[in-house]
Amino acid sequence: MGTNRPTREDSIAAVQTEPAILGFEPPWVCGWWGEDGAVPAEHNDPPVSDTPALAIHGQMDPCCGTRWSEHVRKTMPNLQYVEFQGLGHNPVNECRSTMINAFLDDPDAPVDDSCRNEVDLEPWVIEPAQ
């Protein structure tokens with residue numbers, strides 16, 4: 001998230017307002033991680049592996065988009081990744097479950113991602129400032 005991440009104070013205020021936010025909006029935890037968006041040095045080494053892997057992304061994820069999988073694929077050539085339309089950081093739906101099960105049954109086969117757009121995009125709503 002870099003400098004766009006919430007501050008520690010923002011994160012604490014959000015959790016005090018709604019403790020469940022930790023379970024549904026992991027980016028708020030980034031406010032407690034490093035300074036100015038710095039990633040701890042122990043997390044900077046890219047994974048290197050030929051093991052098949054599946055990465056799942058939500059199109060509306062504020063922190064972990066497909067660019068990360070594109071980057072990791074350089075050192076993990078058997079990584080497959082899918083972006084689910086209209087979903088966020090933890091896209092949970094029947095399509096995802098079916099895709100994961102198929103991947104686990106045959107990790108070397110290309111996943112059938114034909115259902116990745118089953119969630120319709122909602123129109124943007126701009127609310128006036130109060």
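1. Thr-66 belongs to helix α3, which covers residues 66–72, in what should be read throughout as a predicted model. Its relative accessibility is 17%, and because buried means under 20% relative accessible area, Thr-66 counts as buried. Once neighbours within four places in sequence are left aside, the contacts of Thr-66 are with His-57, Tyr-81 and Glu-83.

2. Which residues make up the largest nonpolar core? There are seven of them, namely Val-82, Phe-84, Leu-87, Cys-95, Met-99, Phe-103 and Val-111. At least two residues of this core come from each of β2 (79–84) and α4 (94–105), and α4, with three residues, gives the most. Another core, of five residues, lies apart from this one, and includes Ala-53, Ala-55, Met-76 and Leu-79.

3. Val-111, a member of the largest nonpolar core, is in contact with Leu-54, Gln-80, Val-82, Met-99 and Phe-103, leaving aside its neighbours within four places in sequence.

4. The length of α4 can be checked against expectation: at 1.5 Å a residue, its twelve residues should span 16 Å, and the C-alpha atoms at its ends are 17 Å apart, which agrees. At the start of α4, the backbone nitrogen of Cys-95 has a side-chain oxygen of Asn-93 within 3.3 Å.

5. How are the buried residues of α4 arranged when seen down the axis of the helix? The residues concerned are Cys-95, Met-99 and Phe-103, and, viewed in that direction, the buried residues fall within an arc of 65°, so they line one face of α4. These buried residues pack against β1 (53–58) and β2, whereas Glu-94, Leu-104 and Asp-105, on the other side of α4, are exposed.

6. The count of disulfides comes to one, and the bond joins Cys-95 to Cys-115, with an S to S distance of 1.8 Å. The two cysteines are 20 residues apart and link distant parts of the chain, Cys-95 being in helix α4 and Cys-115 in the segment after α4. The torsion about the S-S bond of Cys-95 and Cys-115 is about 75°, so the disulfide is right-handed.

Methods
Residues numbered from 1 in each chain as written. Predicted model: local features only at pLDDT ≥ 70, side-chain atom pairs only at ≥ 80, totals over all residues. Heavy atoms only, no water. Core = buried A, V, L, I, M, F, W, Y, C linked by side-chain atoms within 4.5 Å. Buried < 20%, exposed > 50% of the residue type's maximum accessible area, 1.4 Å probe, protein only. Helix = DSSP H or I, 4+ residues; strand = E, 2+ residues; numbered from the N terminus. Contact = heavy atoms within 4.5 Å. Expected span 1.5 Å × (residues − 1). Arc of directions from axis to C-beta. Polar contact = N/O pair within 3.5 Å; in protein donor to acceptor, adjacent residues only side chain to side chain. Disulfide = S-S within 2.5 Å.
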